[in-house]
Amino acid sequence: MNAASPSILAALSPSDNEELAQRRAVLAEIDASCRGPLLFLFSGSIIWLLVGTVFALLASLKLHNPEYLANYSWLTFGRVRPAHLNAVIYGFASEAAIGVTLWLMCRLCRTPLLFGWIINAAGVFWNLGVTIGVVAILAGDSTGIEWLEIPPYATPILFVSYALIAVWGVITFRFRREKHLYVSQWYLLAALFWFPWIYSAAQILLVLDPVRGTVQAAVNWWFAHNVLGLWFTPIGLASIYYFIPKVLGKPVYNYSLSVLGFWSLALFYNWNGMHHLVGGPMPAWLITVSIVASVMMTIPVITVGINHHLTMWGSFRELKTSPVLRFMVFGGMSYTLTSLHGIALALRSVSEVTHFTHSTIAHSHQGMYAFFTMVMFGAIYYIMPRVLQVDWPSARLIRVHFWAVAIGILLYVFPLIVGGTLEGMAMTNPDVPFVDAVKPSVVSLTLPYLKTRSYSGMLIFLGHLAFAISFGWIVLRWAQAGRLARLKTSLARV
Amino acid sequence: MNSPTSTPSSSPGNDPRSRGRPAGVKDLAARDPLEHVEPGESQRPISLMLVIFLATLFSWAGYYAHRYGGGYEPLIYNENAYGLAAAKTNAAEKLDPYALGQRVFGNTCARCHQPDGLGLPGQYPPLAGSEWVLAPGPARMIRIVLDAVQGPIPVKGATFDNVMTPWRDTLNDEQIAAVITFVRTQKEWGNTASPVTPEEVAAIRAKTKARSAAGPWTVAELQALPDQEPNP
Amino acid sequence: MSVLWILFVCSLVVLPGIALLAFRWAMRQGEFRHLEKTALSIFDDDEPVGQTTDCFPGGQRGKKPAPTRPPNPISRPRLPEA
């Protein structure tokens with residue numbers, strides 16, 4: 001394969017040892033078995049990423065320029081924002097997460113993905129469900145429940161599709177040929193079970209047979225918080241646990257800590273969520289327990305942080321040469337930061353100021369984007385060349401992608417945290433009016449931060465475009481390489 | 001098992017993956033499939049720092065959950081209701097009467113008498129510096145707030161001909177006492193009269209129960225009353 | 001109300017039960033032993049130690065030569081004889 005780079009050559013180079021060659025063949029077989037499903041899932045997720053970013057930009061622009069596109073009911077803020085959220089959460093992030101999960105599962109179990117068409121079929125259904133959901137939201141048919149806006153006629157499609165994928169992931173695990181379970185497998189397996197649990201519980205309690213009163217808010221926050229913590233976080237951490245040691249060629253710093261990290265996450269995370277209701281009409285103990293659980297999250301956060309950062313320690317030089325490592329380390333550092341920030345936000349005295357401000361938005365983007373999305377980018381950069389046996393076409397595009405999204409998200413998160421905190425302090429101060437034509441008000445105070453966010457959104461969109469071009473190009477290269485190989489074999493036959 | 005032809009003698013010291021393990025031990029374990037005792041990491045003692053860290057966190061968690069848990073009662077919304085005894089009585093919190101009065105004033109009185117207490121000339125009489133407010137005793141003012149007053153009424157040299165709204169059925173004793181206290185002691189308006197207790201309001205409310213059906217008080221009726229409410 | 005009862009039973013009995021079973025299964029599997037071996041299980045026998053396995057397209061990986069390392073102690077599943 002003429003397009004292969006050194007990294008691919010290493011996996012393909014002929015070996016003098018027959019046994020090693022055989023093992024490489026197993027690896028190649030595993031990667032090849034994932035090719036179809038991963039191509040489908042990653043393509044879908046990148047399309048949703050672009051769509052979601054456009055909606056995000058619209059929503060951000062409307063916050064400081066309310067007349068913009070205000071005449072189209074489909075593009076009002078109340079529809080564009082949930083459309084953005086559902087497109088990136090269920091379209092981009094979940095689909096990329098499923099793809100990475102399946103590949104990691106196969107690699108770690110050392111078994112090929114059997115019957116890939118089942119995953120393809122499930123992927124079609126998943127995309128169908130998200131499309132119906134997003135269009136319905138734009139048409140004004142949202143349930144109005146944050147993170148669960150997709151109307152009830154689209155969710156069963158998502159359920160069926162997810163069930164197929166999760167069952168297939170578990171079956172792959174069942175037929176593993178590797179005796180030892182690596183910590184990533186723990187996280188992945190748990191996430192495959194946790195997501196249907198929280199999603200179905202929230203659907204039943206909020207949409208199908210709604211509970212009454214303030215319990216709805218409690219369930220909603222529990223879901224919104226746990227979909228991050230029990231679905232995206234484990235998959236992100238599983239990826240970091242695999243890719244940083246794998247890329248560096250050195251094992252995790254302290255493996256026994258990683259076991260502690262996993263079980264403490266499993267024990268404490270699902271208590272979280274109620275701390276967003278500090279000051280609300282909720283029984284005091286419910287909020288207190290949530291705050292305690294948030295603080296107890298220090299255990300998994302610190303152990304995972306030690307493992308990620310100390311594995312990296314002494315190898316920061318490699319960041320220059322490895323794009324995967326860049327994204328992974330950025331994601332790992334963001335995880336530590338965002339978790340510690342989140343723990344601080346859960347405390348009553350802090351929450352009283354920062355709640356109901358842009359600070360919460362900044363925090364969720366720090367978790368969902370600076371951590372999870374960056375990790376997914378890194379994983380896709382590692383997986384695609386191995387699955388397609390073709391290297392990425394352009395180093396420049398990867399660099400543009402990395403710097404645009406890295407600077408973009410930093411420009412998004414940190415100013416908005418500052419702005420949100422100032423906003424909260426102004427809102428708790430009765431002398432500052434909410435809106436005022438002359439005097440400084442809450443609205444005029446937050447305006448510069450909201451504008452910064454729009455600029456950072458444009459930068460992030462640029463990065464996503466570079467990524468999408470890169471992805472399309474590598475697929476094109478693979479298709480061409482395949483045609484070339486077919487031509488060669490047919491010529492040889494002649 | 002690896003092929004026995006591989007070289008077990010290559011120095012493990014160069015290998016970062018065999019950190020902290022005596023040379024040679026791993027290879028023995030690797031060769032003997034019956035070897036179950038695993039020297040090395042699994043027997044490494046747990047870090048003291050980790051133990052202290054976990055112990056601190058769990059102690060804090062226990063303290064915080066107990067201190068701010070409101071006794072795990074479903075109807076306790078205030079995290080400072082400490083301990084089960086306090087939680088079960090669910091006693092209403094004692095509010096600062098001045099702060100409560102300020103809130104009641106903002107919600108009910110300020111619409112007419114204005115947030116600055118100066119009223120509107122010709123329509124609503126002022127409360128700041130008003131001789132009706134600053135009377136030595138609150139007997140008249142409590143009656144006015146309970147059942148309102150019918151103009152014309154002279155205040156600070158001007159006459160206002162308007163009808164007030166009665167608050168007997170809207171505000172309770174504590175709220176009326178608080179708002180009268182707030183108005184009478186509001187230093188920014190120059191008011192420095194004495195505060196009023198909910199008991200005083202309750203006494204007058206009971207005494208004037210029959211009178212309330214007759215509508216607002218007239219100025220003549222009020223002026224006939226003594227400044228200080230006689231003790232019953 | 002009935003939904004809440006299902007929720008009670010789930011949250012107090014079923015879910016902790018599943019978690020305990022999972023933990024017991026992991027104990028029996030020996031997941032909490034041989035930790036260092038497990039940390040190495042992601043590497044292949046022929047993988048160079050301390051050398052990055054990823055680089056920008058067209059770029060050079062870390063120049064330092066790969067040190068030879070002792071064989072990975074974990075037995076590998078073989079490819080089924082075909």
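This is a predicted model: local features need pLDDT of at least 70, side-chain atom pairs count only at pLDDT 80 or more; totals for chains, interfaces and linings use all residues.
Helices and strands are taken here as DSSP runs, helices of at least four residues and strands of at least two, numbered from the N terminus. On this basis Lys156(B) falls in the loop between E2 and strand E3 (158-160) of chain B.

Eight helices and four strands make up the secondary structure of chain B. Read from the N terminus, the order of these elements is α-α-α-α-α-β-β-β-α-α-β-α. Of the 232 residues in chain B, 38% are buried. The chain exposes about 13,800 Å², of which carbon and sulfur atoms supply 61%. When contacts in chain B between residues at least 6 apart in sequence are considered, 56% join residues at least 24 apart.

Two packed helices are described by the angle between their axes and by the distance separating those axes. In chain B, helix H5 (residues 139-147) packs against helix H7 (residues 198-207) at an angle of about 65 degrees, the axes lying 10 Å apart. The crossing of H5(B) and H7(B) is right-handed. On the side of H5(B), the contact is made by Ala139(B), Ile142(B), Arg143(B) and Leu146(B), which meet Glu200(B), Val201(B), Ile204(B), Arg205(B) and Lys207(B) of H7(B). Sorted by class, the residues in this contact of H5(B) with H7(B) are five nonpolar and four charged, with no polar residue.

Two backbone features were noted in the loops between the strands of chain B. The peptide bond from Gly151(B) to Pro152(B) is cis, with omega near 0 degrees. Pro152(B) is located in the loop between strand E1 (149-150) and strand E2 (153-155) of chain B. Lys156(B), in the loop between E2 and strand E3 (158-160), has a positive phi of about 50 degrees although it is not a glycine. Because its relative accessibility is 47%, Lys156(B) counts as partly exposed.

Chain A contains 16 helices and zero strands. Buried residues account for 61% of its 494 residues. Of the contacts in chain A between residues at least 6 apart in sequence, 81% join residues at least 24 apart.

The largest nonpolar core comprises 172 residues, and the members that touch the most others are Tyr90(A), Trp103(A) and Phe223(A). With neighbours within four places in sequence left aside, Tyr90(A) is in contact with Glu95(A), Trp126(A), Val130(A), Trp147(A), Leu148(A), Ile150(A), Phe195(A), Tyr199(A) and Phe223(A). Another core, of 25 residues, lies apart from it and includes Leu100(B), Leu171(B), Ala178(B) and Val179(B).

Ala122(A) belongs to helix H5 (residues 116-138) of chain A. Beyond its neighbours within four places in sequence, Ala122(A) is in contact with Ser161(A), Leu164(A) and Ile165(A).

Asn307(A) has its place in helix H11 (residues 298-312) of chain A. Its relative accessibility is 1%, so Asn307(A) counts as buried. Not counting residues up to four places away in sequence, Asn307(A) touches Tyr241(A), Val252(A), Tyr253(A), Asn254(A), Leu257(A) and Ser258(A).

Phe356(A) is situated in the loop between helix H13 (348-354) and helix H14 (358-388) of chain A. The phi of Phe356(A) is near 65 degrees, a positive value in a residue other than glycine.

Chain C has two helices and zero strands. Of its 82 residues, 39% count as buried. Chain C exposes about 4,800 Å², and carbon and sulfur atoms supply 67% of this area. Among contacts in chain C between residues at least 6 apart in sequence, 39% join residues at least 24 apart.

Technical notes
Residues are numbered from 1 along each chain as its sequence is written. Chains are lettered from A and ligands numbered from 1 in the order in which they are written. Side-chain values use heavy atoms; hydrogens and water are left out. Axes are lines fitted to C-alpha atoms, for helices over the stretch in contact, and angles run from 0 to 180 degrees between N-to-C directions. A crossing is left-handed if the near helix is turned anticlockwise from the far one by less than a right angle, and right-handed if clockwise. Contact means heavy atoms within 4.5 Å. Ala, Val, Leu, Ile, Met, Phe, Trp, Tyr, Cys and Pro count as nonpolar, Asp, Glu, Lys and Arg as charged, and the others, Gly among them, as polar. Buried means under 20% relative accessible area, exposed over 50%, partly exposed in between (1.4 Å probe, protein chains only). A nonpolar core is a set of buried Ala, Val, Leu, Ile, Met, Phe, Trp, Tyr and Cys residues joined through side-chain atoms within 4.5 Å. Accessible areas come from the Shrake-Rupley method with a 1.4 Å probe; for residues, only the protein chains shown count as cover.
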